[in-house]
Structures are given as C-alpha cells and as structure tokens.
Amino acid sequence: MVPFNSEHKVLHHQQTSILTTDASIDGHISPGNRSSTTTASHDDNEVDQQLFFVTSYSDFDKLAHGPRGHSAKHTLRVYKFDTDGSLVLLHVAGEGALVINPAFSRFHPRLNVVYTCTEDIEENGQILAYEINTDGSLVEIGRVDAGGTSTCYITIDKDQKHLIAVNYWDSSLVLIPLSKETGGFAGPIQNTYDPRQGLAMKAAAKKHGGANHSNNDDTTIAQRQVDPHSHALVLDPFEGCVAYVPDLGKDLVREFWYDKEGGKIGSELNVLPSGLSTGKADGPRYFEFHPRFNVAYVVNELSSTVAVFRVDRELLSEIARAAKLKQPMDKFKGRSTLKLIQSIKTVPSAFPTQMNTCGRICVHQSGRFVIVSNRGHESITIFRVKQSNGSSGKAMKGSLAQVGFFHTRGETPRHFQFDHSGQFLIVANQDSDTIAVFSFNLTSGEIKYTGNEYRVPSPNFVCSCPMVDRYSDDDDNEAEKVGYFVPLLEDSSATVPTSVEFDPSKKNSVDLQSELELARKEIAELRREISSMASVASN
C-alpha cells in the first residue's frame, strides 16, 4: 500500500409531467466550459490522444448488488480511442485481489491523473490515484482510505484543493486534500459528514441475508430504503458553494453548504423530494447540471424517471456572498435552490417499472440532449432538451422530450461515456461482459451501433481521459484550461444558446456569438478530417 503519495513525480422522467413554467431559466456557464464535476473541456484539435480508463468488478460478495457476469482477474484497463469508433487495448492492470471492485473514476480537470474508488460493503473503500501516460501505462501516485463503505462517487472541487468521496452503504461524505501541483493526496481524510449521526446500519449485507440491490421488487425496496444511501455529490457550477446529494435510501435530494475555504461539508440547508412524491419509491441516483441553462436533472433509479429542476441562481449567489462574509448559514435553512418543473419516464409506458433500474444520466456537451441508461430494459434513452420556452406555456427551456430508446447490445448498461468530440458513445454492459461503441447523431440525437464490441469482465465504469499537454508553465488562461465556470455577463438572466435557430426578429449579438462558437467547432472537425485524409494518402 502506498500511503497518501508515493515519491513518483507527476509531470508538470401521463409519460411526462410539466409542472410549471418560468422564463428565468438561462444560465451563463461559458461555452465549452463545464462544472467541476466533469473533466476539463478542450477544443477538439487540442486533444493529443483520447484514452478510456475502464474498471471491472472482481469480488461480487463484497457488493450490495449482484452482478451476473464474470469477475475480473484484473480490474483496470486502458484503451486508445480512434476516430472510426474503435478501441485498442493498451494496458491491463489492477490485480483483482489488490484493487477490489473499482467502480467509479474521475479524470483530473487539469492534470493527466485519474482517480478510482473501490466498492466494499464490509470494509472501508480505497481511493487510488494514477498518473496516466499516453502509452496507456498507469503509475500509482497514492491511495487513501475512503472513510466509509461501498464508495460509489468521487469529485474534485472547483479550486482543485479537495477530492470529495461518497460512500453508498453507510452514506458518509468525506473530503481529502489534494496537491494542486501533482494531483496526489496531500493527507488523509480532512472532514467527514455522517447523515446517520453514528447510528448503526439497519439493513444486512446481501451475503448475510440482506436484499440484492440489483432487484426492484417491493421487498428489496423496503430494505434499500430503511437506511439513508448517499449516491453522489455534485457542487453547483456557478458558485461552488452548494453540494447536492441524492439520497437513494430516503428519496431526497439534500442541499449542503460547502465550505470551500474550510474544506468541509457544512450545514444541511434543505432537503426536497427527488420526484413527484407519488407514494412509490424514486431512489435518486445521480444529479447533473445543464451546461447552459439554470436547470438540473436527477435520475431516479427505482421509478425509472428523470426529474427536471429549475435552479435558483440568485439564492446561490446569496449563499456565496454570505459565506464569503463569514455570515451564519442558518438563515438559508429550509430555502431550496431547486424547484421541480417536470418528471418524465425513461422506459416505455407499458414496460414494468419493477423490471428496470436506471444507471447513469448525463447531459450531452452540446446541451441539446440528456441520456440515461436502463438496466433491465437494456437500453439507452435519449431526450431532446427544450432550447426555448414554449409559447403555450406548457413547456419550458431545459425540459425534456423523448427522442427514443436504443438497445445497448448487451445486458445491464451500468455506465456509458462519450468520447471527447461527443460523436461516439461507449457503453459498459456489466452482465454480458462487454463494452459496445455507438455513433451519436449530433442533430437527431439518435445512436447507431458501430459494430465495435469488446470483451471485458463485469465492466462498470468508462472514464474519458482526453490526453493533452496539461503541464505548461503558462497560467494566463488557467480558467479556460481547467474547464470551470467563467462568468461572461453581469446579467444573470442572460444566456448563451447552445444551438442556433435563425430568427431575423431576434437576431442579436448573443446569437452571433453562438454562431461563431458553432463555426469554430465545424472548422475543428474539418481540420481533423483533412488531417486524417492526409495521413491515409501518405500511407
């Protein structure tokens, strides 16, 4: 075991319910920039090489759920992605008995460092940090105790000072300091938040007679929801001062004040239902922000729904100001920054909900689509994002309309990931031991199987690692390199659209800016195609 850091030096969801409408939905995260919960965004022609870091389960007895594929002897794989949608295996590592059940990974927003966490319901998880090289090789630069069981989520805060981990089984949240220079761990756990307040777990582990969390029957749900189960933590991309935690065990989204300066999860400001509160379990799993609008999405694992929320930017700013002035946070208790505006199903209306659980949700980098995986229905569901408020008042910007359901060519699509260009989708079919590659139509949102499929035992996560020159001494454009929120305009109601729909009566400078952004992307794509053609010709 390598404590903290080694000496290795790192180079420098009727089917749809619309609940309300509101015009003040625009956000202004700058184009191309993402929240601190995603990897850094770079222009396509800046990516030197696209790698994917794929993890697998190795010991099913240590899991709350029950995979049906094959356990992995080696749990870490690195693939090179080519522009034709194919993958080349570069590296295999992580002996299954030593790196047990790595199940969530995160690429550093600025450094070529990838983190992964292990899933174990009886012993504390481990968080490992690796330097990832262009040849696919991995060099472990540190590991720390995750401070809780069945570690399921990790993220890095806006200032890259802390890694925050979520432990599903005991629901604890922990902060670990990071070295800004190397991305390695700068010490052990700095802060822990325990929503159970020290109380013992009520539910038993699967191998001791507890429920298999892969199932979705009434008996299983009752056991899954007897305890709180934090499943993710996402910091708001605007101020970085509120942490949103979906609690699958209690059907809630918890809102915490995140103390950036003190490096800790502060007081719990509010809790709200993660869906329509129909009396049936929802089971919130993941939380995602739209990259342009003041909108967030929650995927509910047990009800197979996506809940759409409006985000109160003004309240977020108020909380941030109070935190900066070191004012007490008590005045914000009971005030939510979220308001439910829509709930929409992720599976066909006649399909039995108890036969499905949702996996991942993500918002396409264009801001035009939301994608969800369905485990049981074995599909990817794609929704189109409404880009403007409807004249009838029944649909609002950021709300969703279904594009279609697409089979994943395998079983139990636990995770999926886009390549850096957003034109290919790699799906991890956990229980059929495969990863499959699909092309993504940027206009229609439809996906098409490329024919590329790869055998991987119990794949559970696909992490995109766009390798770039991340070690320049030039820090003049640091915010742009890091890919964090950069405010462009003072007016909080202003927006930079993600797509251009020409309307002479509404032509303005913002439209021009969006057109310019789109043109730049098209030019980058043409350059890449020309370069590829030249390469073929020369051979």
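Q: What volume does the largest cavity have?
A: In this predicted model, the volume of the largest cavity comes to about 70 Å³.

Q: And which residues line it?
A: The lining of the largest cavity is made up of Ala103, Glu119, Cys152, His231, Arg285, Tyr286, Arg414, His415, Asn460 and Phe461.

Q: Switching to aromatics, how many pairs does a search of the whole structure find?
A: The search returns 16 aromatic pairs. In one of them, the ring centres of phenylalanine 53 and tyrosine 130 are 6.4 Å apart with the planes at 45°, so this pair counts as tilted.

Q: Where do phenylalanine 53 and tyrosine 130 lie?
A: Phenylalanine 53 belongs to strand β2 (residues 49-56) and tyrosine 130 to strand β7 (residues 124-132), so the pair ties together parts that are 77 residues apart in sequence.

Q: Are they buried or exposed?
A: Phenylalanine 53 has 0% relative accessibility and therefore counts as buried, and tyrosine 130, at 6%, counts as buried too.

Q: What about tyrosine 79 and tyrosine 454, how is that pair arranged?
A: Tyrosine 79 and tyrosine 454 form a tilted aromatic pair, with 6.3 Å from centre to centre and 55° between the planes. The pair links distant parts of the chain, since tyrosine 79 is in strand β3 (residues 74-81) and tyrosine 454 is in strand β28 (residues 447-455), 375 residues apart. Both tyrosine 79 and tyrosine 454 are buried.

Q: Which residues do ring pairs link into a cluster?
A: Phe104, Tyr153, Tyr286 and Phe461 are joined into a cluster by ring pairs, and Tyr286 and Phe461 are also among the residues that line the largest cavity.

Q: Which ring does the charged end of arginine 360 sit over?
A: The charged end of arginine 360 sits over the ring of phenylalanine 416, at 5.2 Å from the ring centre.

Q: Back to β3, in which sense does it pair with β4, parallel or antiparallel?
A: β3 and strand β4 (residues 87-95) pair in the antiparallel sense, over seven bridges, and arginine 77 has valine 92 in β4 as its bridge partner.

Q: And what phi does glycine 85 take in that hairpin?
A: The hairpin of β3 and β4 has five residues between the strands, and glycine 85 takes a positive phi near 90° in it.

Conventions. Residues numbered from 1 in each chain as written. Predicted model: local features only at pLDDT ≥ 70, side-chain atom pairs only at ≥ 80, totals over all residues. Heavy atoms only, no water. 1 Å grid on protein atoms, 1.4 Å probe; cavity = no way out; pocket = protein on both sides within 12 Å on 5 of 7 lines; lining within 4 Å. Points joined across faces, edges and corners; volume = space filled by probe spheres on them. Phe/Tyr/Trp six-rings, centres within 6.5 Å; stacked < 30°, edge-to-face > 60°. Helix = DSSP H or I, 4+ residues; strand = E, 2+ residues; numbered from the N terminus. Buried < 20%, exposed > 50% of the residue type's maximum accessible area, 1.4 Å probe, protein only. Lys NZ or Arg CZ within 6 Å of the ring centre and 35° of its normal. Pairing = 2+ DSSP bridges.
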